[in-house]
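Subject: Structure handover

Hello,

Here is the structure you asked for. My notes on it follow below.

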Amino acid sequence: MSQVTTGEWANPKAQDVGATVEEFLTRLGGPTWIFLPGQDPSRTRAVTTLLHGNEPSGVRAIFQWLRSGTRPHVNLACFIGAVDAALAEPGFAHRHLPDCRDLNRCFRMPFEGREGRMAAGVLDRLRAINPEALIDFHNTSGRSPAYGVTTRLGEPQKALTALFSDHLIVTDLRLGTLMEAMEDDFPTLTAECGGAGDARSDETAMTALRSYAMAKSLWNAPHRSAQVKTFHHPIRVSLEAGKQVAYGASSLFDVDLTLRKDAEQFNFGVLNQGETLGWVRGDSLGVVVARDAKGRDRTREMFAVVDGRLVVAQPARIMMMTTNPHIAVSDCLFYCLPVSSSE
Ligand SMILES: [Zn+2]
């Protein structure tokens, strides 16, 4: 059994973290906790990031923060996860290494294998720290506005979202994420900062981290929280087992499903009934499956095939769309929500 070693670095000095984020990660050498003392040392806020090695905005923000040498208002406890996957050539390209599991699917029983044991260690540590809140920074694989995700909606989750976005997705999907594991312990939010590789996503993460680290109180701006719009229980749309997907401007005849190449522009946008998402081979809806958090099949309610085109069967908001075929197959294609008349 390979050993899980998680490093620790207390109060790193600006001159010790390297000149680039890559140099910083090389110095970490593996998953690491970084502890920064606050002006008020009686309280701690937690940050986790890089649970996915190809989502750099959170760790870039932490690196910039360390380089600035700024003392946070309260203690910060930062966990940086998949350092090895992030450093693997060509850099920030691998969600996880080929022989490893997706770390952010391992935060539940039975905590087996290297990633499972690491996840259990992170949970134990977070419970011992008992922070005021936890923000887990991610990037989307497609281009997208920033948004928060929570498994438990309350005013604290809205307040954490308001630090960087006014969109909050509320889901009961159980995937084994860190957020799910911590929801009963303290306010926890997944911060999706926008597409990986987009400079605006890095700025979003930096803005969020700065506000989070420097706020005297996280909970005293109800006027900002009130502007956060919530989207409840999006339906997960995945490819049927064994089917293939590609992205193009028109139907690609050698794959089962072609999704529009420009599909990621739909993120958080509304499609009207009959609007085209892509094209299917064989004129059949059997290539996609849409399931809600209760596991109910919603495919026929949400989609239809018209002359080989995959269309939405009712006005729907599209979210978390990827245009990366690998992620589309291994995770899901996108999420959607019927647009209710009350919206
Ligand atoms: Zn992620």
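Helices (H or I, at least four residues) and strands (E, at least two) are DSSP runs, numbered from the N terminus. This is a predicted model, in which local features need pLDDT of at least 70 and side-chain atom pairs count only at pLDDT 80 or more, while totals for chains, interfaces and linings use all residues. Residues are numbered from 1 along each chain as its sequence is written, and side-chain values use heavy atoms, without hydrogens or water.

Helix 4 (residues 113–129) holds Asp124. Asp124 counts as exposed because its relative accessibility is 53% (buried is under 20% relative accessible area, exposed over 50%, partly exposed in between; 1.4 Å probe, protein chains only). Its C-alpha atom is 11 Å from that of Ala181, which is 57 residues away along the chain.

Now the zinc ion. Its protein donors are His52 (ND1), Glu55 (OE), Glu55 (OE) and His138 (ND1), at 2.0 to 2.6 Å (donors are N, O and S atoms within 2.8 Å of the metal, or 3.2 Å for Na, K and Ca; water is not among the atoms, so sites may look incomplete). The donor residues follow the spacing H-x2-E-x82-H. His52 and Glu55 are both buried. Angles among the four donor atoms run from 55 to 143°, and the site is irregular (four donors are tetrahedral if all angles lie between 85 and 135 degrees; four are square planar and six octahedral if opposite donors are over 155 degrees apart and all others between 65 and 115; anything else is irregular).

Next, the open space. The largest pocket holds about 220 Å³ (on a 1 Å grid over the protein atoms alone, a pocket is an open set of points with protein on both sides within 12 Å along at least five of seven lines, a cavity is a set where a 1.4 Å probe fits but cannot get out, and lining residues have an atom within 4 Å of a point; grid points are joined across faces, edges and corners, and a volume is the space filled by probe spheres set on the points). Its lining has 13 residues, with Arg95, His96, His326, Ile327 and Ser330 nearest the centre. Helix 10 (residues 325–330) gives the largest share, three residues. Domain 1 (7–232) and domain 2 (235–338) both contribute to this lining, so the pocket lies between them (the bounds come from an automatic or database domain assignment).

The largest cavity has about 510 Å³. It is lined by 32 residues, and Arg105, Glu192, Met320, Asp331 and Tyr335 are the closest to its centre.

Best wishes
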